Amino acid sequence: SSHVGLRASGIAVAAQPHIFRHKPPSTQAMPGDVEMKDAAKTTPTKDEKKEAEKKKEENKEPPKDPKTLLIESLNHNLRTISNAVQAGDSRAMGRVVRSFANLRRTMLPDVLQALLEECVDASTPAKAEYLSFVSVDVTMTPQEEEKEPKQKEKDEKKEAKLIQMPKPTPPEIEAFAVLLLLMGLFDKKEKEKCMTCATSLVTYLKTHNRRTLDIFLARAYFHLSLAYERDHRLAEIRAELLAAYRTSCLRRDQMGQATLLNLLLRNYLAYSLYEQALKLVQKTSFPESRPNAQYARYLLYIGQIKAVQLEYSDSHSKLMQAIRKSPQTPSVALGFKLSAYKLAIIVELLMGGVPERSTFMQKELREQLRPYYAITQAVRCGDLNAFRETTQKYEALYKKDKTLTLINRLRYNVIKTGLRGINVSYSRISLQDICTKLGLETPQDAAGVVAKAVVDGVINATIDYDGQCLKSTQKFDLYSSCEPQKAFHKRIAFCLQMHNDTVKAMVYPDEDDAKDAEDAEERREREKREMANVEEDDDDGDDMLL
């Protein structure tokens, strides 16, 4: 049977020889075939690579000089303001204001002078005054002197110029130019010019009632208040700030309300008028659609008022929120963070807690927080002598920071900490020994302090007046009380409040904006630029956050 199968298969093979025989390769390529090239021919040589790189470098545009970049940024802002005024879009002005920090660092006197000449209307009475505040020093570098006249003409043609604005210019554009001048004067610390310029700008802007002008008017009032503060005449502007706050409430100007309310609180606290500041807070409400920087300032002032009013828990909560809402970049808003941390440390000590060590170890704030670290060490150890020495050593600094009153309240906390340690260590101790350990003057003082600590629940003990000693009782189990439940409830309430604030802060674009939306590539570029400056420009330096 196997022979028969082989014969059958052989017949099949013989009958169909084309199955095993290879056809000669066809010389014609099929329509769908891809011609394979030699890899050695396609790989460029080193010389070809060098030539390609040289061509790229030749075609590559030279980097723009800082002046050209500055003028381009100003032109972009001027176009944004012009379009926003025509469309009545007040939100676009926020993007313009956020660019102030970058423009403030890179502004040149000749560009600022050209900007004022172009943007400030000729009918404005203060135009000549504004131009006189700009000091332009024209100095020729050796390279410019060596240039030929033809080369200079070519460079002047290539040089970027400010766009021509339609006349009369809108007040928003004039406010933009004068605010840049005002910030430059503050950087130079010219008090009289700052006062004159800020007063003229506020007087001019008050004559207009335009929603696109609100954010510029708020900035103008801030700089006016800052000028009065640096001239030690802050009380003189209080009536004007109150009138401006009433006007902003009637106009539903939320940016103006937030800024002016903070300026009024700062004005009251500068003169230690805590009762008037508290009444102002109770009679007003902070706008919901608030800027983050303004809300951080508001929380700081509320925390300061609450601390003086002995409401330490609320004060600490507000201060920690203010620190969290401040810019997280280490080198930004250091003045604000320092003020908030100093107050938060003292308030936490008054609550009976001890701040974390990492608070004092921050690189940018370590040196300035050293006096407060010494106070914390004295309170933590319960050493009344060390506390007294530290207070005397840094008394001038504490007065400057306006925390000396709160620090003086810590004396009882130092004694309480020492008593806790004594209560844990000794089951029975004489009042004379307590007096020696805590640094008190007489046993009668020690008896009074111990009695108050027992009543407040600081220690579990009884006083034996006959034997003149303190007897410790059995330690109370904290977990059998309602304290853990209260702490848990407090944390849940904080998380829910944070969630509600996050939902309120969400912003959705209008449907009309989607019709003429920008390209995805342009939007990405704009967002990159905004994110690069968002930490700095929203706060405009340390003084804006104080």
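## Exercises on a predicted model

At 38% relative accessibility, Ile492 counts as partly exposed (buried is under 20% relative accessible area, exposed over 50%, partly exposed in between, with a 1.4 Å probe and protein chains only). The model is predicted: local features need pLDDT of at least 70 and side-chain atom pairs pLDDT 80 or more, while totals for chains, interfaces and linings use all residues. Residues are numbered from 1 along each chain as its sequence is written, and side-chain values use heavy atoms, without hydrogens and water.

**Exercise 1.** Determine where Thr284 lies and whether Thr284 is buried or exposed.

*Solution.* Step 1: Thr284 sits in the loop between α16 (274–283) and α17 (292–308); helices are DSSP runs (H or I, at least four residues), numbered from the N terminus. Step 2: Thr284 counts as buried because its relative accessibility is 19%. Step 3: leaving aside neighbours within four places in sequence, Thr284 is in contact (heavy atoms within 4.5 Å) with Tyr245 and Leu261.

**Exercise 2.** Describe helix α15 by its span and its burial.

*Solution.* Step 1: α15 covers residues 254–270, 17 residues in total. Step 2: from first C-alpha to last, α15 reaches 24 Å, close to the 24 Å expected at 1.5 Å a residue (the expected span is 1.5 Å times one less than the number of residues). Step 3: α15 is mostly covered, with 13 of its 17 residues buried. Step 4: after α15 comes Ser272, which has a positive phi near 60°.

**Exercise 3.** State which helix holds Ile492.

*Solution.* Ile492 belongs to helix α28, residues 483–505.

Note on methods
Helix = DSSP H or I, 4+ residues; strand = E, 2+ residues; numbered from the N terminus.
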